[in-house]
Structures are given as C-alpha cells and as structure tokens.
Amino acid sequence: MTDPAPLPAVRLWDLPVRLVHWSFVVLLVALWASAENGAIGLHKTLGLIALALLVFRLLWGLVGSSTARFAGFIKGPASVRQYLRGLRDPHHAPVVGHNPLGGWSVIALLGLLGGQVALGLVTQDTDGVESGPLNHLVSYDTAELARELHELGFNLILAFVALHLAAIAYYRVIKRDNLIAPMITGRRSYAVPVTAPTIAPWWRAALCAALAAALAGWIALGAPRSAAELKASQEPPPADYM
Amino acid sequence: MKLAHTALIAALLVPAVAFAAGPNIYKARHDNFEAMGRAMKGTADQFKSGNPDIAVIRANAAVLAAAAPKVAGMFPKGTGVEGNPKSEALPAIWQKPADFAAANKRLVDATKAFQAATATGDMTAVQGAFGAVGGSCKNCHESFRKPRA
Ligand code: HEM
C-alpha cells in the first residue's frame, strides 16, 4: 500500500483576511501600550486605524472571498452541536473555512473589538479634556460611563484572545491540525479532495478599503454634518495639547 | 474624673477630626474636579460645534476660575491613598510641596487668563487660553495623579 499523492493546497484565507488579522494582533499590543503610557494622541490614531480595519472586515464579510463571508460561516445551534459531536470522530470531514463554532468566535471577536472602538470614540480622559473624536455628541456622564466600559472592554478582549489561543492550541495538540500556518501563508492542503474557496478580485478589496478609510476619516474629524463643523474640526482642537 | 473627661472629649474629638479630613475632603475634592471636568468638556463641545456660543464659554470659564483656587487647599496631609484606597492622589503631592504649589499656580493663572480672554470675545485668543488651561490640568496630573489606564 502506498500513500496517496498529496493533494494540491487550496487558497483558504485571502490576503485581506490575513492582513486584517495580523494587523489586529499588532494593533492590540500597540493600543494597550499607548494607553498605558498616556500617549492618548497616538492611542486615538491607532484606534481610528482599528476602526477602518473593522469596517473593512465587515464589508469584506459581505462581498469578500467565500471563506471571509458571514453568510458562509454563521451557522445555527444545530450545526454547532453536530460539529462538536463530530470532533470526537477522527475521520470527520474537514471544514474549508471557519467551522460552525469558529464562525461564532469570529463574530464574538469582531463584536468585542467593534464595541471597544465605539466606546473609545465617545470616551474622555478623567479630566474631561482629552477626548475621543465623537465625545461632543454625548454628555459628560455618558462619556464617563464609556470610559469605564472601555477599560472593562479591554479585559474582555484579553479573555477572549486567551480563549482563541487555547482553541488554536487544542487543534494543534489534540487534533493535530495546524491552523496557524494557513493564517500566515493563506494555503492549506486537505487529506481528501475539497472544493477550493472562491477568491474575490483585488479591486473589490480596494473599493472596500476606500470606503472604510473614508468613514474612519469622517469620524476622525468628529463626524461633521456641515461646512461650519468641518471647518471647526480642521482648526487645531483647543483641548488637544498632546 | 478629669481623666475620664479628657478621654470622653478625646473619644468625641478624634473621630470628628478624622471625619472632617476623612470622607468629606475626598468628596469635596472629587466634586470640585468633576465641576472642572464638566466645564472643560462644555467648552470643548462649543468649539467642536463649529458655531461656538461665547455665553456658554463664559459660564464655563467662570466655573473654572472659581474652582481652580480651591484645589490647593484640598490636599491636607494624610488624604492620599492612606485615607481612601480609591484616591488617585500620589505621595509626591506631600513630598514635593513646592512643585505641587507651582502646578496649582499654573492652573489658577491659566483659568484667570481664560476668563479674561472670554471677556474680550476674541475667539482665537479664547481658544488659545483654553488650550493653556488644559495644559495646566495635564501638567499636574502627569506628576501628581496616579495614571488610570
Ligand atoms: C492578539 C489578538 C488576536 C485577535 C484580536 C485575533 C482575532 C482574530 C479574528 C477576528 C479572527 C477571524 C479572522 C477573520 O476571518 O477575519 C481570527 C482567526 C484566527 N486567528 Fe486570531 N487573533 C489574535 C491573535 C492570534 C494569534 C497570536 C494567533 C496565532 C498564534 C492567531 C491565530 C488565528 C487563526 C489560526 C485563526 C483562524 C481560525 C479558524 O478559522 O479556524 N490569532 N483571530
């Protein structure tokens, strides 16, 4: 008996998904470090980049490659239960893309990051001086609440990242399934023939990136609704002495 | 009998003194700082609106000018974390009294200048003076308040 010839690797994760993913890893560290050192100006810039990436990822979840699309990996509780039962069977069919449970973990991570970004936009420093670009749209008390939740939110994200890493370790050690390499190279091979994911054209990613950058830019200016507000936002913000 | 008297007076007095410098001072301090924080945000909101209302800015400048001189007297010895674990007042306040006094003076001067600028109504000057007030808050917090992050 000879081993079957190795099947060709398929493109599992496209470049945009991988770029967004690893950017978040770097950003999370940088956001924490800048906040911890009181470099709020830098922290706000990085947070706006995170906002642009999140918006991009949401758009990409609608029009991106097949493994990036929400419609492709958000499954009901029955599918999740069935997948969990199948985990004990060493011969269960491979999932190309996020498995039914992993899909929810993506939603949870994106949701937590989105919540954290939203809180950051309206939050203010303890003195009510150094504030997010949308702070003027909420009251002092709301902004104080946002500040407390923004602090809590980071711990939630950390807890979830720990869970995320534990799941990856579980697949690596128990299931002998390396999820890290495909997240870097984008490619992976399967023991059985699978349908290759559909990769979306690059121009669609460029369009989504432009939209995301425009939205983040508008929010960075304080979401002006009129020419007068736009002009005010371009003058050096008075309380911004960073 | 005399001893009992002294003991009684002491028993009544010690908590009273501790109370005077205790929860009250932390609360008064918090309220004074919060009033300043609200006035800062109230002013910044005006500038961000694109159509700043000088009357609102004047009212906020008055709050700041009234609250600023109170800060220096709100840090009697023993009112750091030792009296309230939640306090963010750093020991440096009592270790470097001259520096702390200078930071207080900078705040008082900046709020006075800000109020004077609002009286003229020259928006560029108002904005500049407001930035200087913010700088004086930050200056003191950097050395004398425990970072929250
Ligand atoms: C530090 C913060 C991290 C965050 C916030 C994070 C977030 C995420 C998100 C949002 C996804 C979904 C990707 C998408 O489809 O867009 C994901 C998937 C993934 N991440 Fe992370 N990640 C982090 C760290 C890491 C690290 C350090 C590793 C590897 C050592 C890693 C490995 C993976 C893998 C392998 C997947 C795909 C899992 C699967 O689909 O089965 N992540 N992560």
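At the start of α5(A), which residue's side-chain oxygen reaches to within 2.9 Å of the backbone nitrogen of A:Leu101? That residue is A:Asn99.

This is a predicted model, in which local features need pLDDT of at least 70 and side-chain atom pairs count only at pLDDT 80 or more, while totals for chains, interfaces and linings use all residues. Residues are numbered from 1 along each chain as its sequence is written, chains are lettered from A and ligands numbered from 1 in the order in which they are written, and side-chain values use heavy atoms, without hydrogens and water.

**View 1. Iron site of the ligand.** A:His21 and A:His164 each coordinate the iron atom of the ligand through NE2, at 2.1 Å (donors are N, O and S atoms within 2.8 Å of the metal, or 3.2 Å for Na, K and Ca). A:His21 belongs to helix α1 (residues 15-36) and A:His164 to helix α6 (residues 140-173) of chain A, 143 residues apart (helices are DSSP runs of H or I with at least four residues). A:His21 is partly exposed because its relative accessibility is 23%, and A:His164 is partly exposed at 24% (buried means under 20% relative accessible area, exposed over 50%, partly exposed in between, with a 1.4 Å probe and protein chains only).

**View 2. Helix α5 of chain A.** Among the buried residues of α5(A) are A:Val106, A:Leu109, A:Leu110 and A:Leu113. The cover over the buried residues of α5(A) includes α1, α2 (40-63) and α6 of chain A.

**View 3. Chain B.** Chain B contains six helices and zero strands. Of its 149 residues, 39% are buried.

Methods:
Helix = DSSP H or I, 4+ residues; strand = E, 2+ residues; numbered from the N terminus. Contact = heavy atoms within 4.5 Å. Polar contact = N/O pair within 3.5 Å; in protein donor to acceptor, adjacent residues only side chain to side chain.
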